[in-house]
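Good morning, colleagues. Please look at the structure on the screen while I go through its strands, its helix and some backbone details.

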Amino acid sequence: MFKNTFQSGFLSILYSLGSKPLQIWDKEIANGQIKRPQDDDIQSNVLEIVGSNVQSTYITCPADPAATLGIKLPFLVMIVKNLKKYFTFEIQVLDDKNVRRRFRASNFQSVTRVKPFICTMPLKLEDGWNNIQWNLADFTRRAYGTNYVETLRVQVHANCRLRRIYFSDRLYSEEELPPEFKLYLPMQMPMQKV
């Protein structure tokens, strides 16, 4: 999908405020729903994925199962809200041995397990909005002793709210981020005395 695209800085694959946030995504919904509500904390539209079973309600990118993302930027950043329910997401990468590896994080797992083609790990989410930053090159090297080449696929399962998912060439400080990549929490106005 992005293989022949010049990649530097930031590459966004989901933005909840776009006119069609799931344009390049496929949806799978069973006993759940995917909608775009207004989030009270950030007073903005978000993408909400909820379901009774995390495995049966999810979004996946790219939408075409035969296609791959071809994103070479090694940092994945997800701005996600903790809904205090089971939640998992998965990233499929290609390494320099031409092997497809999957990294799956979930908040219902307590230990990291490395198997030949999948590495599962626990995910700790704070209350409210979280900024998940993954160094895919580092994960690939530590789990498999190989080098990260590119990201092939991203899957986000129930239950969460999403603001943005993007890749970057390095980790950026809050001051360096473009405004549309920041999460603004509205300031609480002090109570007026009448």
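This is a predicted model: local features need pLDDT of at least 70, side-chain atom pairs count only at pLDDT 80 or more; totals for chains, interfaces and linings use all residues.

How many bridges join β11 to strand β12, and do these strands run parallel or antiparallel? Two bridges join β11 to β12 (residues 118-122), and the strands run antiparallel. Within that pairing, Val 114 has Cys 119 in β12 as its bridge partner. When I speak of helices and strands, I mean DSSP runs numbered from the N terminus, with helices being H or I of at least four residues and strands being E of at least two.

Residues are numbered from 1 along each chain as its sequence is written, and side-chain values use heavy atoms, with hydrogens and water left out.

I turn to the open sheet. Seven strands form it in the order β2-β7-β14-β9-β10-β12-β11, and the pairing is mixed. At its edges are β2 (26-28) and β11 (113-114), each of which pairs on one side only. Two strands count as paired if DSSP finds at least two bridges between them.

The next element is β15 (160-168). It is mostly covered, with nine of its nine residues buried; buried means under 20% relative accessible area, exposed over 50%, and partly exposed in between, with a 1.4 Å probe and protein chains only. Which strands are joined to β15 by bridges? Strand β1 (residues 10-15) is joined to β15 by five bridges and runs antiparallel to it. Here the bridge partner of Leu 14 is Ile 165. Strand β6 (residues 47-51) is also antiparallel to β15, with three bridges, and Glu 48 stands opposite Arg 161. Eight bridges join β8 to β15, again in antiparallel fashion, and Val 80 stands opposite Leu 162.

Within β15 I would draw your attention to Ser 168. This residue is buried, with a relative accessible area of 1%. Its side chain reaches the backbone oxygen of Arg 170 at 2.7 Å, a polar contact, that is, a pair of N or O atoms within 3.5 Å; within protein, one must be able to donate a hydrogen and the other to accept it, and residues adjacent in sequence count only if both atoms are side-chain atoms. Leaving aside neighbours within four places in sequence, Ser 168 is in contact with Gly 9, Phe 10, Leu 73, Pro 74 and Phe 75, where contact means heavy atoms within 4.5 Å.

Ser 168 and Arg 170 are also among the residues lining the largest cavity, together with Phe 10, Val 77, Gln 133, Tyr 166, Leu 171, Tyr 172 and Leu 177. A cavity here is a set of points, on a 1 Å grid over the protein atoms alone, where a 1.4 Å probe fits but cannot get out; lining residues have an atom within 4 Å of a point.

Now to the helix. In α1 (residues 136-144), the buried residues are Leu 136, Ala 137, Asp 138, Phe 139, Thr 140 and Tyr 144. At the start of α1, a side-chain oxygen of Asn 135 comes to within 3.2 Å of the backbone nitrogen of Ala 137. After the helix comes Gly 145, with a positive phi near 70°.

I close with the backbone. Most residues other than glycine have a negative phi, and most peptide bonds are trans. Where are the cis peptide bonds in question? One joins Cys 61 and Pro 62, with omega about 5°, and Pro 62 is in the loop between β7 (58-61) and β8 (75-82). Another joins Ala 158 and Asn 159, with omega about 15°; Asn 159 is in the loop between β14 (148-157) and β15.

As for positive phi, Gln 43 has a value near 50°. Gln 43 lies in the loop between β4 (38-39) and β5 (44-45) and is exposed, with a relative accessible area of 54%. Lys 84 has a positive phi of about 60°. Lys 84 lies in the loop between β8 and β9 (88-95) and is exposed, at a relative accessible area of 62%.

Terms used: On a 1 Å grid over the protein atoms alone, a cavity is a set of points where a 1.4 Å probe fits but cannot get out, and a pocket is an open set with protein on both sides within 12 Å along at least five of seven lines; lining residues have an atom within 4 Å of a point.
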